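Trainee: I would like to go through this model one feature at a time. Can we start once the sequence and structure are up?

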Amino acid sequence: MNGFYGEQYDPIDVQNNRAVSVLAYIPFLFFLPLVVHPDSRYGRFHANQGLVLLLVWVIVHFILKWIPLIGWILNNFFSLFMFLLVILGMVRAYSGRAVPLPFIGQIEIIK
């Protein structure tokens, strides 16, 4: 399986870990693939994507909530956009694809 920057993922690893990798995109559950299958590169990839998504969501939400009116309005649109990224990540994880999320997927925290 092609993945992050052209990396190859073992098809057996992908098949065994795609269901738990979906859970990595649920806020605050990004660590599940790391706990359930700590040696899975595929699970680690999606855990990283889930963690980055969560951090960006929390940081931007915190910043926008302190900007009166415009920040509050932008926060609603931003939250919708982040929700769509969560859905996109879940679909990609379950379909066996390791493709970085748009805009934030290039950030690597979990190696």
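Trainee: In which loop is F28 found?

Mentor: A caution comes before the answer: this is a predicted model. F28 is found in a loop that has a helix on either side, and these helices are α1 and α2 (32-36). The location asked for is the loop between α1 and α2.

Trainee: Is F28 buried or exposed?

Mentor: The cut-off for exposed is over 50% relative accessible area. F28 has a relative accessible area of 58%, so F28 is exposed.

Trainee: What is the phi of F28?

Mentor: Most residues other than glycine have a negative phi. F28 is a residue other than glycine, yet its value is positive. Phi of F28 is near 70°.

Trainee: What is the phi of F103, and where is F103 found?

Mentor: F103 also has a positive phi in a residue other than glycine, with a value near 75°. F103 is exposed, at a relative accessible area of 73%. As for its place in the chain, F103 is found in the segment after α4.

Trainee: L101 is found in the segment after α4. Is L101 buried or exposed?

Mentor: Buried requires under 20% relative accessible area. L101 has 2% relative accessibility, so L101 counts as buried.

Trainee: Which residues does L101 touch, not counting residues up to four places away in sequence?

Mentor: One of them is L85, which is 16 residues from L101 in sequence and 7.0 Å away in space, C-alpha to C-alpha. With residues up to four places away in sequence not counted, L101 touches Y25, Q49, L53, L85, L88, G89 and R92.

Trainee: At what angle do α3 and α4 pack?

Mentor: Two packed helices are described by the angle between their axes and the distance between the axes. For helix α3 (residues 41-65) and helix α4 (residues 70-94), the axes are 10 Å apart. The packing angle is about 175°.

Trainee: How is α3 oriented relative to α4, then?

Mentor: An angle over 145 degrees counts as roughly antiparallel. The angle of about 175° therefore makes α3, relative to α4, roughly antiparallel.

Trainee: How many nonpolar residues does the contact of α3 with α4 have?

Mentor: On the α3 side the contact includes L53, V56 and W57, and on the α4 side it includes F78, M82 and L85. The contact also has five polar and two charged residues. The nonpolar count is 14.

Trainee: Which residues of the largest nonpolar core touch the most other members?

Mentor: This core has 17 residues. α1 (11-23), α3 and α4 each supply at least two of its residues. The residues touching the most other members are Y9, Y25, Y42, L53, M82 and I104.

Trainee: Which residues is L53 in contact with, leaving aside neighbours within four places in sequence?

Mentor: L53 belongs to α3 and takes part in its contact with α4. Leaving aside neighbours within four places in sequence, L53 is in contact with Y25, M82, L85, V86, L101 and I104.

Trainee: How many residues does the second, separate core have?

Mentor: Its members include F30, A47, L51 and L54. The size of this second core is five residues.

Trainee: What distance separates the backbone nitrogen of I109 from a polar atom of the side chain of N48?

Mentor: N48 lies in helix α3 and is buried, with a relative accessible area of 2%. Not counting residues up to four places away in sequence, N48 touches I107, E108, I109 and I110. The distance asked for is 2.6 Å.

Trainee: With which side chain does the side chain of N75 make a polar contact?

Mentor: N75 is found in helix α4 and is buried, with a relative accessible area of 10%. Not counting residues up to four places away in sequence, N75 touches H61 and L64. The polar contact, at 2.8 Å, is with the side chain of H61.

Trainee: How long is the polar contact that joins the side chains of N17 and D13?

Mentor: N17 lies in helix α1 and is buried, at a relative accessible area of 4%. N17 touches H37, S40 and Y42, not counting residues up to four places away in sequence. The polar contact joining the side chains of N17 and D13 is 2.4 Å.

Note on methods:
Residues numbered from 1 in each chain as written. Predicted model: local features only at pLDDT ≥ 70, side-chain atom pairs only at ≥ 80, totals over all residues. Heavy atoms only, no water. Axes fitted to C-alpha atoms, helices over the stretch in contact; angles between N-to-C directions. Helix = DSSP H or I, 4+ residues; strand = E, 2+ residues; numbered from the N terminus. Parallel < 35°, antiparallel > 145°, perpendicular 65-115°, else oblique. Contact = heavy atoms within 4.5 Å. Nonpolar A, V, L, I, M, F, W, Y, C, P; charged D, E, K, R; others polar. Core = buried A, V, L, I, M, F, W, Y, C linked by side-chain atoms within 4.5 Å. Buried < 20%, exposed > 50% of the residue type's maximum accessible area, 1.4 Å probe, protein only. Polar contact = N/O pair within 3.5 Å; in protein donor to acceptor, adjacent residues only side chain to side chain.
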